[in-house]
Amino acid sequence: MTFKTRCPSCQAMNRLPAEQVSDVPLCGKCRQPLLDGAPVEGTAENFQTLLRSDIPVVIDFWAPWCNPCVGFAPVFEQSAKTHHRKVRFIKINTEEQQALAAQFQIRSIPTIMVYQQGQRLNMINGALPQSQFDQWLDETIRQGE
């Protein structure tokens with residue numbers, strides 16, 4: 001089974017075997033890491049595979065019209081860089097992925113969820129400053145170990 005993911009560096013679409021979700025696959029076009037160091041675009045096609053990753057997964061349910069979501073985006077991106085290879089970060093645009101938003105009963109955005117091996121560890125609603133978000137994330141991941 002394969003899934004598609006967009007390269008965070010060059011925006012090229014890449015097809016990956018599902019068994020590589022816990023590895024460090026490279027973009028076929030620019031050779032940059034596909035799944036580490038930057039948030040991955042979550043879609044109905046790739047989400048379940050990403051969720052089953054061996055490493056913790058942090059999901060940001062957001063929308064482009066949501067000011068708190070837009071303000072939180074740099075915090076989320078910085079955390080993705082900081083936690084490189086230890087945690088996978090996924091952004092789900094609730095406008096484009098309405099079925100996923102419904103499946104996870106998203107009622108307010110941004111909603112941030114942390115999963116490990118398919119099990120939810122924690123969830124918060126609303127944007128946090130960088131230091132508070134990193135503290136919340138570190139505590140959540142420690143509890144899941």
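Student: Where does Pro-110 lie?

Tutor: Pro-110 sits in the loop between H3 and S6. Before we go on, bear in mind that this is a predicted model, where local features need pLDDT of at least 70 and side-chain atom pairs count only at pLDDT 80 or more, while totals for chains, interfaces and linings use all residues. Residues are numbered from 1 along each chain as its sequence is written, and side-chain values use heavy atoms, with hydrogens and water left out. Helices (H or I, at least four residues) and strands (E, at least two) are DSSP runs, numbered from the N terminus.

Now the backbone. The peptide bond leading from Ile-109 into Pro-110 is cis, with omega near -5°. Most peptide bonds are trans, and most residues other than glycine have a negative phi. Speaking of phi, Gln-117 has a positive one, near 50°, without being a glycine. Gln-117 is in the loop between S6 and strand S7 (119-125), and at 54% relative accessibility it counts as exposed (exposed is over 50% relative accessible area, buried under 20%, partly exposed in between, with a 1.4 Å probe and protein chains only). Arg-31 also has a positive phi, about 65°, and is not a glycine; its place is the loop between strand S2 (13-17) and strand S3 (40-41).

Back to the proline: who touches it? One answer is Phe-61, whose contacts (heavy atoms within 4.5 Å), leaving aside neighbours within four places in sequence, include Pro-110, Ile-109, Thr-111 and Met-113. Ile-92, Leu-100 and Phe-104 are also among them. Phe-61 belongs to strand S4 and is buried, with a relative accessible area of 0%.

That takes us to the largest nonpolar core, which has 26 residues; Phe-61 is among those with the most contacts inside it, along with Phe-47, Ile-59 and Phe-104. (A nonpolar core is a set of buried Ala, Val, Leu, Ile, Met, Phe, Trp, Tyr and Cys residues joined through side-chain atoms within 4.5 Å.) At least two residues each come from helix H1 (47-51), strand S4 (57-62), strand S5 (88-93), helix H3 (98-103) and strand S6 (111-116). S4 gives the most, with four residues. Apart from it lies another core, of 14 residues, including Phe-72, Val-75, Trp-136 and Ile-141.
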